[in-house]
Amino acid sequence: MTKKCEHLSDEKHEVVPKTKGCEECEREYLPTVALRMCLTCGHVGCCDSSIGKHATKHHLETGHPVIKALQESTWRWCYVHEEYY
Ligand SMILES: [Zn+2]
Ligand SMILES: [Zn+2]
Ligand SMILES: [Zn+2]
């Protein structure tokens, strides 16, 4: 059974990154491994290989469902469906 992720269809507008690096890490001077951007609000957070895991924390706090990789590639990840697209 293939379930379709409905969260990706709200991408009518271009979301721009709010910050250059992870917002929280920049404040605390923590190193980041890779960056993820929230496709709902443009929040930039670090990936799960980073100390802060702020992209995941942002999802848990806000419920925003989809992130994408900022630098390296074009995949998107939906937290709700736990799937890459
Ligand atoms: Zn989804
Ligand atoms: Zn971070
Ligand atoms: Zn967000």
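Helices (H or I, at least four residues) and strands (E, at least two) are DSSP runs, numbered from the N terminus. Read along the sequence, this chain then follows the pattern α-β-β-α-β-β-β, which comes to two helices and five strands.

A word on the source before we go further. This is a predicted model, in which local features need pLDDT of at least 70 and side-chain atom pairs count only at pLDDT 80 or more, while totals for chains, interfaces and linings use all residues. Residues are numbered from 1 along each chain as its sequence is written, chains are lettered from A and ligands numbered from 1 in the order in which they are written, and side-chain values use heavy atoms, with hydrogens and water left out.

## The sheet and its helix

Let us start with the strands. Strands of a sheet pair through backbone hydrogen bonds, either parallel or antiparallel. Here, an open sheet of five strands has the order β2-β1-β3-β4-β5, with antiparallel pairing. The strands β2 (44–46) and β5 (83–84) stand at the edges with a single partner strand each, so one side of each is left without a neighbour in the sheet. Two strands pair if DSSP finds at least two bridges between them; β3 and β4 pair in the antiparallel sense over three bridges. One residue to look for is Val66, whose bridge partner in β4 is Cys78.

The helix α2 lies across β1 and β2, running at about 125° to β2. For such angles, axes are lines fitted to C-alpha atoms, for helices over the stretch in contact, and angles run from 0 to 180 degrees between N-to-C directions. Contact means heavy atoms within 4.5 Å.

Donors are N, O and S atoms within 2.8 Å of the metal (3.2 Å for Na, K and Ca); water is not among the atoms, so sites may look incomplete. The table lists the donors with their distances.

| Zinc ion | Donors | Distances |
|---|---|---|
| ligand 1 | Cys5 (SG), His7 (ND1), Cys78 (SG), His81 (ND1) | 2.0 to 2.3 Å |
| ligand 2 | Cys22 (SG), Cys25 (SG), Cys46 (SG), His54 (ND1) | 1.9 to 2.3 Å |
| ligand 3 | Cys38 (SG), Cys41 (SG), His58 (NE2), His64 (ND1) | 2.0 to 2.3 Å |

Four donors count as tetrahedral if all angles lie between 85 and 135 degrees; four count as square planar and six as octahedral if opposite donors are over 155 degrees apart and all others between 65 and 115; anything else is irregular. Around the zinc ion (ligand 1), the four donor atoms subtend angles of 100 to 116°, which makes the arrangement tetrahedral. The site of the zinc ion (ligand 2) is tetrahedral, with angles of 105 to 121°, and that of the zinc ion (ligand 3) is tetrahedral with angles of 105 to 114°.

Cys38 lies in strand β1 (residues 35–38) and His64 in the loop between α2 (54–62) and β3 (66–69), so the pair ties together parts that are 26 residues apart in sequence. The donors of ligand 1 have the spacing C-x1-H-x70-C-x2-H, and those of ligand 2 have C-x2-C-x20-C-x7-H.

Cys38 is buried at 1%, and His64 counts as buried at 19%.

## Aromatic rings

Rings of Phe, Tyr and Trp (its six-membered ring) pair if their centres lie within 6.5 Å; planes under 30 degrees apart count as stacked, over 60 as edge-to-face and the rest as tilted. A search of the whole structure finds three aromatic pairs. The rings of Trp77 and Tyr79 have centres 6.5 Å apart and planes at 90°, so this pair is edge-to-face. Trp77 and Tyr84 form a tilted pair, 4.7 Å centre to centre with 55° between the planes. Ring pairs link Trp75, Trp77, Tyr79 and Tyr84 into a cluster. Trp77 and Tyr79 are buried, whereas Tyr84 is exposed, with a relative accessible area of 53%.

## Leu70 and the whole chain

Leu70 has its place in the loop between β3 and β4 (76–78) and is partly exposed at 26%. Leaving aside neighbours within four places in sequence, Leu70 is in contact with Pro17, Leu35, Met37 and Val44.

Of the 85 residues of the chain, 42% count as buried.

Terms used. Buried means under 20% relative accessible area, exposed over 50%, partly exposed in between (1.4 Å probe, protein chains only).
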